[in-house]
Amino acid sequence: MPENIKSYWQNYIGGRWVDGVKGGRISVENPASGMPLAKIARAEREDVDKAVNAARDCVQARTLVDMRPSERGGLVTGIGRALADMGDEAAQVLCLENGKSISLARGEIEDAVRYFEYYGGLADKIEGRYIPLGANLVGYAAPVPYGVSAQIVPWNNPVEIAARSLSAALAAGNAVVIKSPELTPLILCLLAEACERAGAPEGAVNVICGYGEDAGAHLAAHPDVDQVVFTGSIETGKSVMRSTCERVVPCVLELGGKSAAIVYSDADLDQLVESVRWGIFPNAGQACNGMSRLIVHRSIHDEAVDRVADMAKGLSVGPGIEDCELTPVASAGQLDRVEGYCLAGTGEGATPVIGGKRLSDMAGHFMPATVFTGVESSMRIAREEIFGPVLAVTTFEEPEQAVSYANCTKYGLAAGVFSKDVDKALWTADRLEAGQVYVNDWYTGGVETPFGGMKESGLGREKGQEAINNYVQSKYVGIRSKSIFQRA
């Protein structure tokens, strides 16, 4: 075991590292080997109460709100710098507990740091407005934080997703409680350590690890939480939304996708193959906006599939710490889920060109790169999120048919278009029901660009300037006063 991976980790509440009230622990494993990696204190309902109370105390003391915005921005950017200083250690921890390649882990740490830089720089640019009301009346609308922001983070990109919500919430003056995922909680302990090193006030940032049905559900429904951010499955997202509706509390939901790329006959197949390489296979396909479907014009279908399959066959397979291209899925349960979808696809008549069954000769939770052809829009592998390295390929003849296929699911997170014809690409992008559309390259965008879904892929937008709107509400103040120039 690497010497920088402690055997036991604690929760971070009110500026202190603490065990769970009941003394429970959660085991964290290395998905590349299936062997135990570490244990972390288990947060239960009582621990959630302690974390929320600490955040509420911070809010009531006006610790963050009374800071000059530039000072608050300095705190946020300081967290990013502290996390960057942990770069190598943090990347190794993330790689070992999540399974992703060490290169991807390093990239995720860099992306997390970028969020703190971006929103730290935005903290002193959150502005209200003066409203003219006539003589002896002054009106203004001020953006004010909600208060306590509860943030429930998924296991696939835990530190990047936590960073994008935490940084914006703090920049706007909210105190935060993060519920880390039980599969990959260790990296968020390091994020809490970065907050501590940067001088975050007591209660401003709290990080707890517990099970979703226990700690997560209690946090989402907590009466002292003012706003909820959740990334995860549609089913759990709906449960979170029901909890917030009961208390009339706003929520931001990012609920996954079944993203399709439409490939026209004039597409650059070299660009397409590279986009598939980065769009579905890294992190074992465990990306909410991964390219899980290809809708390919019939005239180039065979060539496109052959080239994609050849690329996928050449991917190196193994532990992320060895920087392999195809790494394990996060858990035994996730492996069962992914393989189950593949077996269902075969049973419904789709053809696995490569892959389709787990790599049983390897330790850990490995699923090979899998490409299905002959996929109909009615099949489960075409309609449901698999969250694995599985690509479903469908053909089309007319553009309207391709758009119809792309829009046929309940998801609407991302979509793509591959064509050298800009007019055709724009026509298609305009008709795709997705929160972001990538043209001739997958994952075009960055911290500066809005991210979120249409349909059941979620509510609200993260990233970019408009994400700040998730963390502030408008307060109007109207004043009647005698003019100082008016005679008494």
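This is a predicted model: local features need pLDDT of at least 70, side-chain atom pairs count only at pLDDT 80 or more; totals for chains, interfaces and linings use all residues.

Visitor: Which residue meets the side chain of arginine 42 in a salt bridge?
Guide: Arginine 42 is in the loop between β5 (35-41) and α1 (45-60), and the other residue of the pair is in helix α7 (residues 212-220), 172 residues apart. The N to O distance is 3.3 Å, and the partner is aspartate 214.

Visitor: What is the N to O distance in the salt bridge of arginine 56 and aspartate 226?
Guide: A salt bridge requires a nitrogen of Lys or Arg within 4 Å of a carboxyl oxygen of Asp or Glu. The side chains of arginine 56 and aspartate 226 meet in such a bridge, with an N to O distance of 2.7 Å.

Visitor: Where do these two residues lie, and how many residues apart are they?
Guide: Arginine 56 belongs to helix α1, whereas aspartate 226 is in the loop between α7 and β11 (227-231).

Visitor: Is arginine 56 buried or exposed?
Guide: Buried means under 20% relative accessible area. The value for arginine 56 is 14%, so this residue counts as buried.

Visitor: Which parts of the chain do glutamate 397 and arginine 298 tie together, and how many residues apart are they?
Guide: The two side chains meet in a salt bridge of 2.8 Å, N to O. Glutamate 397 lies in the loop between β17 (390-396) and α13 (399-406), and arginine 298 in the loop between β14 (291-297) and α10 (301-313). The pair thus ties together parts whose separation in sequence is 99 residues.

Visitor: What are the relative accessible areas of glutamate 397 and arginine 298?
Guide: Glutamate 397 is partly exposed, at 39%. Arginine 298 is also partly exposed, and its value is 48%.

Visitor: Which residues make the nonpolar surface patch of about 370 Å²?
Guide: Patch residues need over 30% relative accessible area. Valine 138, in strand β7 (residues 137-145), is partly exposed at 35%. The residues that make the patch are Tyr130, Val138, Tyr140 and Ile479.

Terms used
Residues are numbered from 1 along each chain as its sequence is written. Side-chain values use heavy atoms; hydrogens and water are left out. Helices (H or I, at least four residues) and strands (E, at least two) are DSSP runs, numbered from the N terminus. Buried means under 20% relative accessible area, exposed over 50%, partly exposed in between (1.4 Å probe, protein chains only). Patches are made of residues with over 30% relative accessible area and no salt bridge: like charges are joined within 9 Å, nonpolar side chains (Val, Leu, Ile, Met, Phe, Trp, Tyr) within 5 Å. Accessible areas come from the Shrake-Rupley method with a 1.4 Å probe; for residues, only the protein chains shown count as cover.
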